[in-house]
Amino acid sequence: MDPLLDRINVRDLLSGHDLSDPSTPLSAPDLRLLINRLESHSLHIKSKVRSYLLSHHNDFASLFSQCNDIVLKTNEISDNLSNILSLVSDPPIGGEIRKLVDEIGRKTKEAREKREILGLLRVIVGICERLEGARLALRNGRFGFAAAEVKELKEALRIGDEEEGEPIVYGLLRKQWADLFDEMQELLAKFMDYAVQFEQDSRTIRVKYRLCVDEMDGIELHTILEAMDVAGVLDYSLAKAADLIIKHVITEAVNYQSPVIFVEDVSQGSEGITEAVLKILPSQDLKIVDVDGDAIYARVIQVIRFIFKHICFENGSWIHSFGRLTWPRISDLIISNFLSKVVPEDASKLADFQKIIKCTSEFEIALKEMMFISVSDNKDEKLSNFAENVEVHFAFRKKTEILGKARNLLLQCDFSVPKEFTSKGPLLKNDGMAINSSKQVVDLLFSSERCVVSKAASQLMELVHQTLQDVCLSSTRVALEFYHAARDAILLYEAIIPVKYRTDFPDSIKEYAVFADMAPRFHLMAEEILHRQIQIVVYNLREAIDGADGFQNTHQMQQYESAKFSIDQVVFVLEKVHIIWEPLLLPSTYKRSMCMVLESVFARITKDILLLDDLAAEETLQLQRLIHLMMDNLSSLLKSLIVVNSKGKSEEDSRRPVDDLIPSLRKIRKLAELLDMPLKSITSAWESGELLSCGFTIVELKDFIRAIFADSALRKECLWRIENVGL
């Protein structure tokens with residue numbers, strides 16, 4: 001068919017004609033010739049097509065047959081689809097389908113729930129069977145199996161991790177497990193009581209390896225301990241044995257006055273060790289004094305090694321559990337019976353105490369190696385901490401004592417020059433020597449002159465000298481504290497000025513040519529101490545005010561009495577502080593400190609009253625009465641704040657009114673007035689600026705008015721005036 005698809009070239013049909021010129025028209029004969037040739041060519045093409053179709057008749061017949069089949073199937077599908085659509089669109093059929101689908105969903109859900117219930121029942125039955133099996137194993141002496149079952153069932157029943165909304169059967173199963181656990185715990189404890197016994201007559205600890213309890217004979221001690229470990233009841237089951245050993249063995253081991261010795265004995269049988277005993281015997285050499293604690297620590301180590309080997313079978317976990325039960329009491333016994341009794345009272349003996357610290361540290365290291373105490377927990381190093389702190393506490397106590405002596409020397413000395421060195425006493429020679437020699441006359445190291453110092457300076461330097469001698473005899477930590485004490489004492493000494501230039505002083509002060517000036521650091525220390533005292537007082541006052549419960553419901557007698565008691569407590573504390581502070585502090589310091597305390601009291605009480613949101617008429621009168629009561633009882637204290645000098649006039653530093661130093665004083669007094677003041681008067685007081693000057697805020701005043709006065713047109717008007725006043 002390819003030649004038929006070629007283009008017809010007109011030039012070939014008119015090959016005899018000159019067609020080089022496109023503008024040359026064709027003649028009539030040429031056109032007839034062209035038509036004839038085109039017809040001939042068309043006939044030729046038709047003949048070719050017919051021949052091709054005839055030669056491929058079968059192929060075209062098959063193709064047409066397939067197309068016909070496809071058309072028929074398409075029509076059939078279309079008909080089927082139309083039928084389905086008509087069925088679906090029919091309302092009765094759709095409802096039935098929906099019901100059928102819902103029914104299938106319900107049946108599926110029921111089947112799933114039944115499968116879940118069936119699975120739950122299988123689990124419950126399995127747990128019940130395991131609980132019963134564990135109980136039978138426990139009663140038959142198969143403790144390892146019973147303990148393992150108890151542990152696994154604890155996880156399966158989520159003991160300690162219960163949730164709300166669980167099936168009731170879970171609670172019943174947990175109850176059965178708890179009963180089984182208690183039964184196992186008590187039975188294992190009985191075996192331990194049988195295994196470890198103390199014989200009072202022979203003073204012997206006896207450990208039996210084969211046990212018999214409740215007709216269960218031949219049970220190995222090691223088996224019991226394994227079951228205790230698996231079930232998690234080691235601490236409970238070992239508690240009685242631990243108490244027994246502490247009471248009868250460790251107490252004897254740490255006895256500082258009556259030393260003992262321990263003798264171990266092991267009984268062997270055909271199947272191995274049957275029992276081990278530890279006998280307590282009095283020491284034959286009672287004259288030896290255990291100064292360093294070596295013997296005490298060695299006895300305790302011997303006892304613990306006996307426990308480690310014969311009770312805990314050298315198991316690190318078991319001995320650590322035993323240590324948790326006994327170490328706090330053992331350490332307390334060692335401290336009370338030994339360490340506290342060998343604390344040195346003199347610095348020269350602190351070097352010897354280092355040996356005790358070393359022995360104590362080695363003792364705890366040995367316990368860590370046996371895993372009796374924790375390697376990582378510093379809390380178990382109780383003995384070492386005590387021993388080291390004894391040294392520090394001793395040093396701190398001695399430092400305080402030294403500085404106390406230095407302070408007393410300065411306080412007790414009047415800093416006057418002895419009479420023999422005043423204008424009324426003997427004169428000094430040209431070389432500076434007095435006719436009557438005295439310890440107050442000292443040589444200057446790099447000068448030929450002599451000077452006169454007070455007795456306090458001489459005694460102070462003797463104290464420093466003695467302290468520095470103690471530095472040479474002490475350990476590093478103690479020596480450092482002693483050095484600081486000597487340094488601080490020297491600061492006091494440096495404050496005393498030697499009278500080197502006494503002859504050049506005016507006659508009026510020659511007799512008082514010794515001065516003392518406390519360094520600024522002592523002033524700072526005093527301020528810090530005073531600040532701490534003020535904080536303590538304020539804290540106590542706040543606790544007293546807390547007892548008033550915010551001054552609520554004071555119209556009720558019980559609440560009023562409670563609030564009154566709190567006010568009385570506040571007054572009592574303030575009066576006590578007044579009595580202590582006034583004679584000790586400078587007037588200006590006393591006034592400043594007391595004003596700080598009073599400000600905290602008045603501000604707190606005012607704040608509590610203003611926070612009340614609903615006040616009855618009687619309640620406002622009771623609150624006013626409480627404020628007046630407090631102010632009357634504090635009148636003498638407030639008068640003491642007006643410091644007056646010897647001429648009867650206020651000092652320059654104290655001319656400020658007390659109300660300026662205690663801002664809340666003016667506020668609480670005004671609050672007492674407001675409690676029975678009419679609403680219009682309160683509003684006028686705010687508009688005049690009086691309440692603002694007393695420290696009231698607009699929020700406080702509005703809340704106060706709402707708490708006292710009922711809602712009314714007048715209250716709304718007054719609140720509006722308060723909000724819009726231009727202050």
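In the predicted model, helix H17 passes helix H21 in a left-handed crossing. The axes of H17 (residues 587-610) and H21 come within 8 Å of each other, and the angle at which they cross is roughly 35 degrees. On the side of H17, the residues that meet H21 are Glu599, Phe602, Ala603, Ile605, Thr606, Ile609 and Leu610. Their counterparts in H21 are Pro663, Ser664, Leu665, Lys667, Ile668 and Leu671. Sorted by class, the contact of H17 with H21 comprises nine nonpolar, two polar and two charged residues.

Helix H21 (residues 663-674) also approaches helix H18 (residues 617-633), with axes that come within 9 Å and cross at roughly 140 degrees. An angle over 145 degrees would count as roughly antiparallel; H18 and H21 are therefore described as oblique to each other. The crossing of H18 and H21 is left-handed. H18 contributes Gln624, Ile627, His628, Met630 and Met631 to the contact, while H21 contributes Leu665, Ile668, Arg669, Leu671, Ala672 and Glu673. Seven nonpolar residues take part in this contact of H18 with H21, together with two polar and two charged ones.

The contact involves Ile698, Leu701, Lys702, Ile705 and Arg706 of H24, and Arg715, Leu719, Ile722 and Glu723 of H25. Five of the residues in the contact of H24 with H25 are nonpolar and four are charged, with no polar residue among them.

Aromatic rings were examined next. Seven aromatic pairs are found in a search of the whole structure. In one of them, the ring centres of tyrosine 209 and phenylalanine 313 lie 5.4 Å apart and the ring planes are at 75 degrees, so the pair is edge-to-face. Tyrosine 209 belongs to the loop between E2 and strand E3 (210-213). Phenylalanine 313 belongs to the loop between helix H9 (294-311) and helix H10 (316-337). The pair thus links distant parts of the chain, 104 residues apart.

The average pLDDT is 79, and 81% of the residues score at least 70. The pLDDT is below 50 over residues 422-449, a stretch with 40 contacts in the model beyond near neighbours in sequence. Residues 496-502 likewise have a pLDDT below 50, with 24 contacts beyond near neighbours in sequence. Where pLDDT is low, the predicted coordinates should not be read in detail.

Terms used: Residues are numbered from 1 along each chain as its sequence is written. This is a predicted model: local features need pLDDT of at least 70, side-chain atom pairs count only at pLDDT 80 or more; totals for chains, interfaces and linings use all residues. Side-chain values use heavy atoms; hydrogens and water are left out. Axes are lines fitted to C-alpha atoms, for helices over the stretch in contact, and angles run from 0 to 180 degrees between N-to-C directions. Helices (H or I, at least four residues) and strands (E, at least two) are DSSP runs, numbered from the N terminus. Angles under 35 degrees count as roughly parallel, over 145 as roughly antiparallel, 65 to 115 as roughly perpendicular and the rest as oblique. A crossing is left-handed if the near helix is turned anticlockwise from the far one by less than a right angle, and right-handed if clockwise. Contact means heavy atoms within 4.5 Å. Ala, Val, Leu, Ile, Met, Phe, Trp, Tyr, Cys and Pro count as nonpolar, Asp, Glu, Lys and Arg as charged, and the others, Gly among them, as polar. pLDDT is the predictor's confidence in each residue, from 0 to 100. Rings of Phe, Tyr and Trp (its six-membered ring) pair if their centres lie within 6.5 Å; planes under 30 degrees apart count as stacked, over 60 as edge-to-face and the rest as tilted.
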